[in-house]
Structure formats: structure tokens, C-alpha cells
Amino acid sequence: MREVMKLLNLRYEIGNQTLFEEVNGSVQEGDVIGIIGRNGSGKSTLLHMIYGDIEPVDGTIQWLQSGVSMELVVQETTSHSPGAMSPAERKLLEKWQVPTHEYSLLSGGEKLKARLARGFASNTDLLLLDEPTNHLDQASLEQLKEQINEYRGTVILISHDRYFLDEVAKKIWSLETGKLIEHSGNYSSYMEARKQKRLTQQREYEKQQKMVKRVEDQMRELTSWSQKAHAQSTKQEGYKEHYRVKAKRTDSQVKSKQKRLERELEKAKVEEVEEEQTVKFSLHASHKKGKRFLEVKDLAKGFEGRMLFSKGAFTIQHGEKVAVTGPNGSGKTTLLKVIMNVEDADGDVWVSPSAHIGYLTQEVFDLPLDESPHQLFDKETFEERGKVQTLMKHLGFMATQWNEPIRQMSMGERVKLKLMKYMLEERDVLILDEPTNHLDLPSREQLEETLSQYHGTLIIVSHDRYFLEKTTNVSLVIENGRIHKKLQDEAPVRNDQEELKLKLETERQEVLGRLSFMVPGNASYAELDRKFMELTKEINALTWDGGRDR
């Protein structure tokens, strides 16, 4: 394969912070290169540098072929001009079932697919994709993999989806500690090679440290002899010259040992293995009394003559962990907006007036981009500021970013800033729309662990099935224009115990629905409340028995 271009000693800085330096790499025709790295490591900056709309501080990009055409699909944008649509683009939009609505009315997944269709239809020599897997459901991911594998040009993409990278990437560029590591193979083979390299480096470093200790011990011993000889040369009559010569000889040995050690260290140059950076989340919920957080009846919502869902009816109790699932464009984000009273809809939506809700949108442009974290959190006391700065450090931010405009931060860092708001306050309900979008793998895993231990109510929209399995136990499924609630361990074929459990859960939801429009003084309230408690005990007993039998 012919070489397309080379990265030669690229360096880039933001303010006083060096994002990366001495970045070297090569691109061959037909490569599918996956760029990985932590939030803020410079992945998007590098992609834009290749595209040509960001200039490096030092270094150069050497193009080895003339007239290379390029297209960049950005990870997020507030607008997307339809322009003159080519037949190839129109065909892809139809294949991917992207409505011809105004761009602002499309779902997050539909917006991304509209941008991807433009990119693939351009049929350029080099296609640059920034986070192309965000927002996409499983079917759309399969379509994207197929499209990349069939693409005749060269593809460079950024992704935090390890499974996707394993399927499509032929080469990995990893941005770590300001350097670029180039690896031929997919994500898993890179991580295995990285693991072995770190183990080898650690063994070599320990071997080097033993050598350093041995030589330094010898030098200390010789130095002690030298000091003793010098002392004796000033005290003993008739023997001064003997001890003076002995002291000088010992000094010479010390210098020789010192030079030997320096030569050995220069020759080996083994650095200590850097500790893996950890990310720490912590979320606390205030103690919440009562049963119901949300009651929905006869909910219907449509856009531009297209019905998203109708006859929606469900209840969410305090403490439930709910996953909202469905294909791209089914109305998941819209449902959250209806719950938060951001969107109007037909039907009845009752939200507990005492609920303290944290609502994380999937937008990354709804922050004050010209402000810094210092201005955003605006803490008055030194103690409060210290708490925020410590939290930022735990989330992987640099100290210099305290006064850095949010506009200069990566999309993942912006998501973390939004999450910080709920970490600093006790919210008993968290409504999270695609919270893992843009987050690097360590941040996703830590958020997953934190949410799994959260004691409040959770409602999460995500296409990351593994993430949902770890953090939620109930699903609101939107499909074929309907919303239905189910336990996540339901299987298509159920045994008698599972059928009974489903029947009892349905009956309990019905009782809760009736309770939602009553007050404790109502004559029927006590009877329905008693019925609810009985059904809960029966469901819990079945759950315990099922777990014991397994």
C-alpha cells in the first residue's frame, strides 16, 4: 500500500498547557485508524490538524500524495446545512431511515446519521470521523461498521467504543502522556501489547534500580573509606603521605563508580511505569419518603405529522432504576423532555412536587462556553473552591483548567463539568440522557460503578447495553409507537414463576396508578395502600426464590 501522509514531530499547546508533543505517525491507503485516549488528550485537535483547520505549534504534516481529498464529520454541531443533496447521500439517508425534518427536530442519533451520510457520500480519499458511534443504537452501529468496511478510501476515526474498534480498526493511534503510540492491529491487540510492554518496562526498571542501589552502596562505602583516610592523613605523624595517597586513590574510585553509574543510566534510560490515571465519581441522594416519583397516563407525542408514541401509561417509584430504550428516532429524549416539562404533549404527566431532580441533557453546547470552571461554579469560600478543584482533579482535569474557558475543553470534559453539578448537590432523582457519550473508558466505568450504588431514582437513556445492565433493573421500551415497562430480566419465553411475577408487577403498577390521584384521607386509599404492600411482598419473595434457585 502506498503511504498517504506522515505526522512529523507535531506539538500543540492550549494556553500554558502542552496538549501533545513529538507526535509521529504514518497513514497508508486503505487504513482504518482508530484514535484512542483520555478526555482532553487532544484526539479531536489532532483530527482537525490533519483536516487543516488547526495549525500545530511545531512539526509538520507531510503529504506524500498530491490532491488528497478529505471530509470531516464532527462529533457535535448545532447546525447542519442540507445544501445540494447528492443521490448517494439521499440513498444513505433512506437506508438509515433518517427523516427529512429540519435538522433541529431530529434525535441525537438521527442528527449524527445525517452528518455521517454526508461524509460517506462525499467518497473522499480520506474520511475523518470524530466519535461516530455516539447516540447510535445497535442496528445503526451495525450499519456504520458495514459502511466503514466497504469504504474504498482511508478512514481515521475517534472512538471510546472498544467493541466497535475491534470490529473496524486495522491500526490504533493512542495519545498517552502527550505522545502518540502507533500500533498495527485492533483495540484488543493494542491493549494486550500495551500490557506486556508495561510489564517489561516495570521489570527493567526494577532491575535498573537494583543496579543503582548496588553501585550507590559501593560509592557510599568508598566515600566512607576516603573520609577516614583523609582524617588519618592529618593526624598520624610519619604516615600522612601514605594516608593522603590512599585517600586520593579512593576519591578516584568514587568518581569512577559515579561515571559508570551515569553511563549505565544513560545507556538503559528506563523510566518508571506511570500509574494509570484514575477517575473518581461520587453521587449522594437525599433521603426520600413516599412511593411515587412519576405517573404517566394516555401520553401521546408527535412531530410534523409523525407520531412518536401514543397511549403511554406507566409509573416510576422512588428508588427505581429505569432504562429508557428504543431505536434512534423513537422518542427517548423527547420523553425525558416531556417529563421535565420542556416539551408539551397530550395526556397526563404527574411528577412528585417534592422531587429534587438533576437533568443531564445530551447537549454539550448548553454550558456558558466563554466562562471558566471558576466562574461556572462561583464558590465564595476557600473551602468551597477547594472542594470543586479537588473534584476536578479526581475527574482527570489539569490544575490549569480551573481558569480555562469551557470552549477550549473537549466534549468529554464538558460532560464531566455537567455531572459535577449533581456531585456537589444531593439530588434524589437523576434523569440522564446519554451520559456516557464523549466519556473515555475509565470515566464510563467509574460512572457505571457510582450509579450502581446510587440510592435515588434513576432514569437513563443510553445505547450502551452493558452500562444499562449494570446501573438499571427496569426498562421503559419505546417501540412501534408504544411505551411499555418491563423488568430487565424478562425473557421472551418465561416459566410459570416469571409469568406470575410479571402479572403481579403489572397489577402493582395499576394500584400505584390509582393511588397517584388519591390523598391519604380518601376512603379507598388505605385499602389500595394495603394491596400495594401485599403485592410488593409477593414480588420480593418471588425475586428472592428465583435468585436462590439459580
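Modeller: Gladly! Leu8 has 30% relative accessibility, so Leu8 counts as partly exposed. Please keep in mind that this is a predicted model.

Colleague: Where is Leu8, and which residues does Leu8 touch?

Modeller: Leu8 sits in strand S1, residues 3-14. Leaving aside residues up to four places away in sequence, Leu8 touches Val23, Asn24, Gly59, Thr60 and Gln62. Leu8 and Gln62 are 54 residues apart in sequence, yet their C-alpha atoms are 7.3 Å apart in space.

Colleague: Why is Asp298 called exposed?

Modeller: Its relative accessibility is 56%, and the cut-off for exposed is over 50%. Asp298 therefore counts as exposed. Asp298 belongs to strand S10, residues 292-303.

Colleague: Now a helix. How do you know that the span of H3 agrees with its number of residues?

Modeller: H3 has 14 residues, and at 1.5 Å a residue they should span 20 Å. The end C-alpha atoms of H3 are 20 Å apart, so the two values agree. Just after H3, Asn123 takes a positive phi of about 55°.

Colleague: What makes H3 mostly covered?

Modeller: Of its 14 residues, 13 are buried. For the protein, buried residues make up 47% of the 550 residues.

Colleague: Which residues make the contact of H2 with H3?

Modeller: Helix H2 (residues 87-95) and helix H3 (residues 108-121) pack at about 145°, with axes 8 Å apart. H2 brings Ala88, Glu89, Leu92 and Leu93, while H3 brings Lys113, Ala114, Ala117, Arg118, Phe120 and Ala121. By class, this contact has seven nonpolar, no polar and three charged residues. The crossing is right-handed.

Colleague: And how many helices and strands are there in the protein?

Modeller: The protein has 15 helices and 18 strands.

Terms used
Residues numbered from 1 in each chain as written. Predicted model: local features only at pLDDT ≥ 70, side-chain atom pairs only at ≥ 80, totals over all residues. Heavy atoms only, no water. Axes fitted to C-alpha atoms, helices over the stretch in contact; angles between N-to-C directions. Helix = DSSP H or I, 4+ residues; strand = E, 2+ residues; numbered from the N terminus. Left-handed = near helix turned anticlockwise from the far one by under 90°. Contact = heavy atoms within 4.5 Å. Nonpolar A, V, L, I, M, F, W, Y, C, P; charged D, E, K, R; others polar. Buried < 20%, exposed > 50% of the residue type's maximum accessible area, 1.4 Å probe, protein only. Expected span 1.5 Å × (residues − 1).
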